[in-house]
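Visitor: I have a structure open and I'd like to learn how to read a few of its features. Could you walk me through them?

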Amino acid sequence: MKKTKWLLPWILMLSFLGTACSEQSTNQDSKVTTAAAANQSTNPTDEKLLKVYYFDVGQGDSIYIKTPAGEDILIDGGNNDKGEDVVRYLKTLHVSDLEAVIATHPDADHIGGLDTVLQSIKVKAVYTPKITNTTQTYEDFLIAVKNAGLKLKEAKAGVNLGLKDVDAKFVAPVKNYGNEMNDWSAVAKLTYGENSFLFTGDAPIRSEEDMIATHQDLQADVLKVGHHGASTSTSQSFLEAVKPKYAVISVGQGNRYGHPTDEVLTRLKQNGIQIFRTDKMQTILALADGKTIQYKSVPALTPGNSVSEQVQPAPILDAKQKTSVVANAKEPASVQLHATLDNRTPEQYHMIHLTVTGIAGASYTATVHYKSSDTEYTGEAGTPLPIKISHAATGYEVVIDITANVNGKTYSTQTSFVPQ
């Protein structure tokens with residue numbers, strides 16, 4: 001990540017100008033039915049459905065919503081290396097434009113892929129809290145908004161998105177939180193008939209308490225669990241205010257943060273809430289007809305899968321039937337990581353690809369050391385990882401440190417490139 005100097009505040013001023021998994025638990029009183037039970041009820045017509053896709057973007061957030069009126073909304077875009085996946089998912093679902101994009105807050109694992117989305121798909125409006133960041137990722141996002149001919153619309157409590165057939169409005173942030181990025185998270189509530197969804201970004205307990213204090217109607221059938229299941233979110237008082245029947249956790253398999261935490265999982269179970277997780281089920285689709293909600297997994301919308309014209313959702317399996325989607329990385333007898341780049345002298349605004357070999361399937365962290373700051377990516381050994389080059393200093397050697405943790409051991413390697 002590169003610090004934005006004079007350019008970032010100028011872009012931000014222009015951008016704001018003119019704007020004022022599945023762990024099952026018993027639930028006896030539920031409006032929500034699983035896909036397995038769908039055959040026992042009348043399936044609603046596609047035209048009357050609200051569709052909510054919790055995209056599989058690893059350790060990050062990206063949610064796509066298709067309203068019954070055919071309007072399209074995207075909440076966050078995953079990390080820097082997930083933008084191409086999000087665009088592929090959207091195009092697989094035949095999305096040609098987006099009525100609204102919501103950037104919940106400036107963290108890279110939420111907005112990192114949004115510049116790629118803005119460059120690839122027509123967007124009519126972008127909402128984000130009025131908080132800045134000095135990272136290269138955030139600058140890329142602002143430049144993409146500007147290049148799309150858009151001005152940022154402020155996301156804050158009380159702002160309505162003005163969508164047809166559904167009520168979609170922000171319930172947070174409700175205050176000014178200084179430089180606390182997660183506290184600024186835009187929290188949106190969407191209601192369709194008797195069904196309701198709450199999308200929380202990384203909103204921590206302080207924001208949860210502030211939402212409760214405003215006496216807003218926070219009740220929702222489905223809660224997108226805050227901050228990937230970190231213990232800093234999803235308090236008991238918040239669960240009592242929201243009263244969710246189902247919770248969805250967007251989280252990367254085997255992530256180094258320990259998300260979701262046992263504390264949050266235990267609390268959700270104790271409150272009788274059924275849990276769905278992207279690390280266990282890949283992309284998750286919720287289908288709401290205004291009275292009931294059905295859940296399905298969508299294996300086609302998974303990193304690495306090829307684009308298919310027809311997306312065939314699969315019923316979510318019972319916890320005892322599930323098998324792990326990604327096998328554990330196997331450590332060979334002799335381990336030595338290797339890193340290669342397809343272009344070591346890239347031009348500004350170009351994409352390069354990093355390939356790490358040595359432990360097939362192992363997850364790794366690649367830290368790109370720009371002249372003024374760092375950008376962190378996550379990848380899988382054997383799969384090329386796209387890295388965006390933006391305002392990197394010309395002629396400066398940018399070192400990339402690669403680290404993989406397998407079976408309790410740490411392995412590392414290094415490579416570099418020189419921007420032209």
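Guide: Let's start with a cut-off: a residue counts as buried under 20% relative accessible area and as exposed over 50%. Keep in mind that this is a predicted model. Take H215: its relative accessible area is 73%, so this residue is exposed.

Visitor: Where is H215 in the chain, then?

Guide: H215 sits in the loop between α6 and β12. Its backbone is worth a look too: phi is near 60°, a positive value in a residue other than glycine.

Visitor: Which value does phi take at D165?

Guide: Phi of D165 is near 70°, again positive in a non-glycine residue. You'll find D165 in the loop between β8 (152-154) and β9. With a relative accessible area of 55%, D165 is exposed.

Visitor: On to salt bridges. What's the general idea?

Guide: Side chains of opposite charge can pair when their charged atoms come close. Searching the whole structure here turns up 12 salt bridges.

Visitor: How far apart are the closest N and O atoms of D85 and R88?

Guide: They are 3.3 Å apart, and the two residues form a salt bridge. D85 and R88 are 3 residues apart in helix α2 (residues 83-92), which means about one helical turn separates them. As for accessibility, D85 counts as buried at 13%, and R88 counts as buried at 14%.

Visitor: And which parts does the pair K189 and D217 tie together?

Guide: First the contact: the side chains of K189 and D217 meet in a salt bridge, 3.3 Å from N to O. K189 belongs to strand β10 (residues 187-192) and D217 to the loop between α6 (205-213) and β12 (222-224), so this pair ties together parts that are 28 residues apart in sequence.

Visitor: Is K189 buried or exposed?

Guide: K189 counts as buried, at 6% relative accessibility.

Visitor: What about D279 and R277, buried or exposed?

Guide: Both D279 and R277 are buried. They form a salt bridge too, with the closest N and O atoms 2.7 Å apart.

Visitor: Last topic, cis peptide bonds. Which residues does the one with omega of about 5° join?

Guide: That bond joins A172 and P173. P173 lies in the loop between β9 (167-172) and β10. Another cis peptide bond joins H259 and P260, with omega about -10°. Look for P260 in the loop between β13 (246-249) and α8 (262-270).

Conventions
Residues are numbered from 1 along each chain as its sequence is written. This is a predicted model: local features need pLDDT of at least 70, side-chain atom pairs count only at pLDDT 80 or more; totals for chains, interfaces and linings use all residues. Side-chain values use heavy atoms; hydrogens and water are left out. A salt bridge is a side-chain nitrogen of Lys or Arg within 4 Å of a carboxyl oxygen of Asp or Glu. Helices (H or I, at least four residues) and strands (E, at least two) are DSSP runs, numbered from the N terminus. Buried means under 20% relative accessible area, exposed over 50%, partly exposed in between (1.4 Å probe, protein chains only).
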